[in-house]
Amino acid sequence: MDKKKLVIGVIGADVHAVGISILQHAFEDAGFDVTNLGVMVSQEEYISAAIETGADAILVSSLYGHGELDCRGLRDKCDEAGLKGILLYVGGNIVVGKQPFDEVEKRFKAMGFNRVFGPGTAPETTIAALYEDFGIKASEKE
Amino acid sequence: MKPVLLVDFGSTNTKVTAVDVENCQILGTAAAYTTVETDINEGLHNALEIMEKTTGHLEFEERYACSSAAGGLKMISIGLVPELTAQASREASLGAGAKVWKTYSFNLTKGDMKEIEEYHPDIILLTGGTDGGNSECILYNAEMLSQLSYDCPIVIAGNRCAADECAEILKDRSISICENVMPRLGELNIEPTQKQIREIFLKRIVQGKGLSEASDLVSGIIMPTPSAMLTAMELLSDGWEDHRGIGELVGVDLGGATTDVYSIAEGNPANMATVMKGIQEPYAKRSVEGDIGMRYSVQGILEAAGDRKIAKLSGLNRQKIPQLVEYLASHTDYIPDNEEMEKLDFALACAAVETAVARHAGSLEQVYTPCGLTYLQSGKDLRRVKYVVVTGGALIHAKHTEEIASHALFDESAPGSLRPENAEILIDRKYILAAMGLLSQHYPAAALEIMKKEIAYYGHKE
């Protein structure tokens, strides 16, 4: 089957460059076609990249605590740009301070994200979620 | 002695350059009005006659020509997202020496099609989608283009997975399929497309424009003039085999209607703390400012720079400037005959060079983030480029060419504009760059040697 296509990057004014490269390798090893936009990615850049590459999912990373502000409105803009129903994930240190994760998750899901991952999530967890959401069975994995 | 004739059929002037390729010397240059409406040979004969007055009769062993007459190579480019494949297709067309009238993004509309019909381009470049990416858009646009009323050559250089289907849709048309201009997101691959465009130019365009009548006199028109320019600058910069070039450079060609800027430079960020934004730009990049020119587009200079700046540069009264500029715009063949107009032309040229180079060069933005100060760079960082080459009638015949050209350089009051910081200004006094681009197709070493001698006077310094 065709590889599923992911667009990944670190949103906003965040310059944490190492983790996103690790994720790129992990996702590629897991059989995905990955477009890594690097750091300081704006919402518009995710959307442009997703249109051009025909992406199946946008995975947003945020490590510096301002993710909640940066992510606001991304789903609406995706809808506006014709990316209706595209899978949206967010993960990292996405809020300020130590807040109960279930509340954080709720807020991000209300913003339109399909999956929300907290600090310290292993790439395997996200990969498992991608397989599940794309309906890829263990036998089809590369 | 082995004399070779190089001809540039320009929109206004036909310029001839005679060189001796054995001794790497310019024998003579001359220009006469282009006569594309009647017989293009007329202008050529006139120019040759003028030249032979100084050189004496020459028996040319070879003749080559480039052309930007009859509107040049008119193209439109089509992509998907404006700042991604649409931009890539624009870069590809410009680098091939085309005049890109318009760049379209997303699906073409009926209105767009009407515009295209009216403009009647020579070549259409159809792109969209990275390899394996979006294919709906390019297929839709192929379908739209299949309804064109005339057989315009179409170069397809988008998502490779959609290429076959595009070819099927456009099977009754003159199409050629090239590698994707953006195979992966942000990555440019424009050379194959440019090669194809040049081939089509040779095969079809030259004949279609009454330029082929020149072919008995010249061994053939081998490239569009801007392409010859870009080729010459690349050669001057990179060198040829054992012959060293002069290194990274920026070129400015200030004309009456447009201003072309070239850069032969990597333009990578200066340090680690800089984050790159936007697509990668070509190493040999050409940009065209259609609103910046000394006569036909003189209003554009005033708009871009503002009357305050023109007043400051010229020393003229601010209130007077709009009226004088209007005069220039309506008298396109005017040559300054008084001090006031000379000052104005000087100021306009300075502002034109500054605007065009600033638009061509990249920019750097300071961003304060929770992680500290970072820099965002888009486009090419040309600060470390060592040479600025200036050409074009408006510049080389001006009185203060170097002073005008210095406006291409980095300006402390606009530190975000990444123009050359400490570059030497080189002037193409004999207006030979396009001719050398032509010559380089057969005699690269001689072309390089002549450019070094005539433009860089580099031979004396080494």
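How many bridges join S1(B) to strand S2 (residues 13-20) of chain B, and do they run parallel or antiparallel? I looked it up, keeping in mind that this is a predicted model. I found seven bridges between S1(B) and S2(B), and the two strands run antiparallel.

**Entry 1: strand S1(B)**

I checked how the chain gets from S1(B) to S2(B): a hairpin joins them through three residues.

Next I looked for another partner of S1(B). That turned out to be strand S4 (residues 62-67) of chain B, paired with S1(B) in the parallel sense over six bridges. Here I wrote down B:Phe9, which stands opposite B:Ser67 in S4(B).

Then I asked myself why S1(B) counts as largely enclosed by the rest of the structure. Strand S1 of chain B spans residues 3-9, and six of its seven residues are buried, so the rest of the structure largely encloses it.

**Entry 2: domains of chain B**

Domain 1 comes in pieces, 3-69 + 212-245 + 432-456, while domain 2 covers 74-204 and domain 3 covers 249-427. I then took domain 1 and domain 3 of chain B as a pair: their C-alpha centres lie 27 Å apart. Their contact takes ten residues from domain 1 and eleven residues from domain 3.

Which elements give two or more residues to the domain 1 side of this contact? I got helix H7 (225-238) and helix H15 (444-456) of chain B. H7(B) has the largest share of that side, with seven residues. By class, I listed eight nonpolar residues, one polar and one charged on the domain 1 side.

**Entry 3: chain B against chain A**

Last stop was the contact between the chains. I have 18 residues from chain B and 14 residues from chain A in it. On the chain B side, the elements giving two or more residues are helix H2 (82-95), strand S17 (363-369) and strand S18 (372-378). Which of them gives the most? That is H2(B), with three residues.

I sorted the chain B side by class as well, and got nine nonpolar, eight polar and one charged residues.

Terms used:
Residues are numbered from 1 along each chain as its sequence is written. Chains are lettered from A and ligands numbered from 1 in the order in which they are written. This is a predicted model: local features need pLDDT of at least 70, side-chain atom pairs count only at pLDDT 80 or more; totals for chains, interfaces and linings use all residues. Domain bounds come from an automatic or database domain assignment. Two residues are in contact if their C-beta atoms, placed from the backbone, lie within 7 Å. Helices (H or I, at least four residues) and strands (E, at least two) are DSSP runs, numbered from the N terminus. Ala, Val, Leu, Ile, Met, Phe, Trp, Tyr, Cys and Pro count as nonpolar, Asp, Glu, Lys and Arg as charged, and the others, Gly among them, as polar. A residue is buried if 20 or more other C-beta atoms lie within 10 Å of its own, exposed if 12 or fewer, and partly exposed in between; C-beta atoms are placed from the backbone. Two strands pair if DSSP finds at least two bridges between them.
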